[in-house]
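Morning, everyone. Today I want to walk through a two-chain contact. Here it is on the screen.

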Protein chains: 2
Amino acid sequence: MTGDDPHSEDTATGRRMPSFGRRGFLGVAGVAGAGLVVGGAAGGAAGGAAGYSAASSESPDTAHATEPFYGTHQAGIVTYQQNSLVFAAFDVKDAVTTAQLQALLARWAAAASLLAVGKPVGPVTTRSGAPPADTGEAFDLGAHRLTVTVGFGTTLFDDRFGLSDKMPAALRPLGQLAVDTSIDPTISGGDLCVQACSEDPQVAFHAIRNFARIGRNVVTLRWLQEGFGRASATTNSQTTPRNLMGFKDGTANIKAEDPKVADAQVWVGDETDQAWMKGGSYLVTRKIRMHIEAWDSDDITDQQQIFGRYKDSGAPLTGEAEFDTLDFAKKAGDGATVINRFSHIRLAHPDNNGGAQILRRGYNYTDGIDTRTGTLAAGLFFIAFQKNAHEQFARIQNSLAQDRLNEYITPISSSLFAIPPGLSKIGDWYGKTMFGYQS
Amino acid sequence: MTGDDPHSEDTATGRRMPSFGRRGFLGVAGVAGAGLVVGGAAGGAAGGAAGYSAASSESPDTAHATEPFYGTHQAGIVTYQQNSLVFAAFDVKDAVTTAQLQALLARWAAAASLLAVGKPVGPVTTRSGAPPADTGEAFDLGAHRLTVTVGFGTTLFDDRFGLSDKMPAALRPLGQLAVDTSIDPTISGGDLCVQACSEDPQVAFHAIRNFARIGRNVVTLRWLQEGFGRASATTNSQTTPRNLMGFKDGTANIKAEDPKVADAQVWVGDETDQAWMKGGSYLVTRKIRMHIEAWDSDDITDQQQIFGRYKDSGAPLTGEAEFDTLDFAKKAGDGATVINRFSHIRLAHPDNNGGAQILRRGYNYTDGIDTRTGTLAAGLFFIAFQKNAHEQFARIQNSLAQDRLNEYITPISSSLFAIPPGLSKIGDWYGKTMFGYQS
């Protein structure tokens, strides 16, 4: 595997390299090649940025804008949400050794550090006649704020890799939730996951495609999902986008710029039973097919009752503006509450779920049409990060079992992944401390 | 059908409407409702813009930038290519009358004229309790240079609608081309097509989704394709993008800003046997699945020989820079030509195809993974516009039957549509003269 290591040639000075952002490129580390000492790139200093977008050096519109790679937490979680997603789940192949898996996680770390600064993972051309070490389709595009976030599924923690005593209790399967009658296991779960987000969809695709290429002897692609527009706002400076039902959704969800909020809701802390997860998070993905045609036939009054918000402004039915406080007690002339007790905003609200909150980071998607029915195969690829999905996402989702919205949506995939903490410096790799190495 | 007409309420002065670009909004025409007199919007004057992007009033990066809607030609052809595509094909339902089809084409025209200026196709909320006339997911997004382009398939020209003597000879089926061993008819063809392009994918999706909603009693969705990044350059001011093989492709294709070139290659002229097609064009779509993993294993020398270009710069193998003149005669030391005679650039070149050229306007796509093989289901959704596809696209494609690239690609859908000319003013609609009405 060392023969095609992406760092085997120095690409930093190549004459045809694209220019990089002001964040700069501090040099490509040589690769030891043997064992697990794989060099990273993109600046040796961890900094205190910890993946917060506030630390991003450039305007989000700039092709060469970058997000910090090294830090306490992985990027792509509290990062100001980008507009495009490509998400992949992988399974480790049969007969792969622990050392081979570790080497892959190290190579992925090195690749991610290069992609984060808009560099290819290796030369797109070689003089050796070998296949190029980077597939090239993002060669001149810039990073466009690419983040790559790597996670581990429950199935990784078995006897194959000596990890059975390393599985966090919080990673136990969520099980079949009340609405989970149509989950397709072939597009759920997986040993490993990789979330790539960027302002340019081709940059996100390129990251996933090269992770698959780098891993081709170790992992197989289990499923892949593209998301074409952000369906969440992760910071107060982003407007709440609309889902494919035309509603602003997630207005009341937490925003990420306040570290206190993130520490309380998103980042794993001292409560964990597995020290290696501290500074990490838990990722839930749900592919939620919307029954677009049925929804489009529903009248506006009913649509607004189902969400509990006005469709145009996003204001709660008890308010005038999107962020007005919800008044669940307010009654209409007929004595019923203005916000229906089975409305989405009421059932999802923290007051109704023991204070549980999540950081939503989902994307709208379309898969074309459902050929059985000629209807649009489209909806929401829901993504949520949290400290503990059993106590946060699952609690809220159980409450949503009563949601009238369920008439118009069907979850068709469901996954839970443990997201390890960020990489602190060159030489660090995904899961290093989980495997018992010093950070 | 008149009950949910998108123009039944004036939305121009609604207090919550998004702001529009400097192009401005000149007023919403009232709708007669009965018969075929359907009002349009977006300014009554046709102008001389004819769909050329040079006439666009604003920077392409601006959310509220718009493309001219009325003109000699439909927009979305010579328009500076946008970054996102959603393309749909529809079939007319059984027992639909000619008048119903005509009414749909008129409603689509009215809707397209509104979408082109960033307006919804009707109110996103109503006080009537009816379903909203616009689905809302693009409510606050702006037009992002949306263009909607409507076309007719061969199957429309049958006895159902009295069009059998209106079919242009150039719309006869292309038939099975040499490489067409895996065409899936369920994702090919269709009675009608709609191409939506925008800088924002959600705006493009919204257009197609609302066309489907408006047409729900008249047409069914046959197939739908999303494209996530432009794979062509339609003007000299755009850089040539890379396909998913990592190569700049289409460098030598025609650019659209020179009206003489467009008249010679793209727009149907006096040579047509059907006067209603004058000012129109012919659209070929080909979904070309790339065998990504096999390609990524091929060595760089072979990859470059197959394309005939250097991977990084896009320069021909006989040159230094992308746009250097190709030298097909130049020989290497071994006596063989530097550019292989079976290379893509040589076989596709006009000199090899009796001067045939096309306006390429394709997009990269991914459908996730091929679950049979665990490989990436991704490639190029090829789009080409031309005066006559039999003399242009098909001639080039027949030459490409020898292309060594065919080892790494498989066309899985193939379609030909007649694109009628542009709408000249409010009250005009797609196919109006084809059906024998005065323009």
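**The axis and the interface**

A word on the model. It is predicted, so local features need pLDDT of at least 70 and side-chain atom pairs count only at pLDDT 80 or more, while totals for chains, interfaces and linings use all residues. Residues are numbered from 1 along each chain as its sequence is written, chains are lettered from A and ligands numbered from 1 in the order written, and side-chain values use heavy atoms, with hydrogens and water left out.

Now the contact, meaning heavy atoms within 4.5 Å. Chain A gives 53 residues, chain B 52 residues. Together they bury about 4,500 Å², 60% of it on carbon and sulfur atoms. Buried area here is the accessible area (1.4 Å probe) that two parts lose on being put together, summed over both. A:Arg209, A:Phe228 and A:Asp312 supply 13% of what chain A buries against chain B, more than any other three residues.

Next, charge. There are 4 salt bridges between the chains, each a side-chain nitrogen of Lys or Arg within 4 Å of a carboxyl oxygen of Asp or Glu. In one, A:Arg209 meets B:Asp296 at 2.9 Å, N to O.
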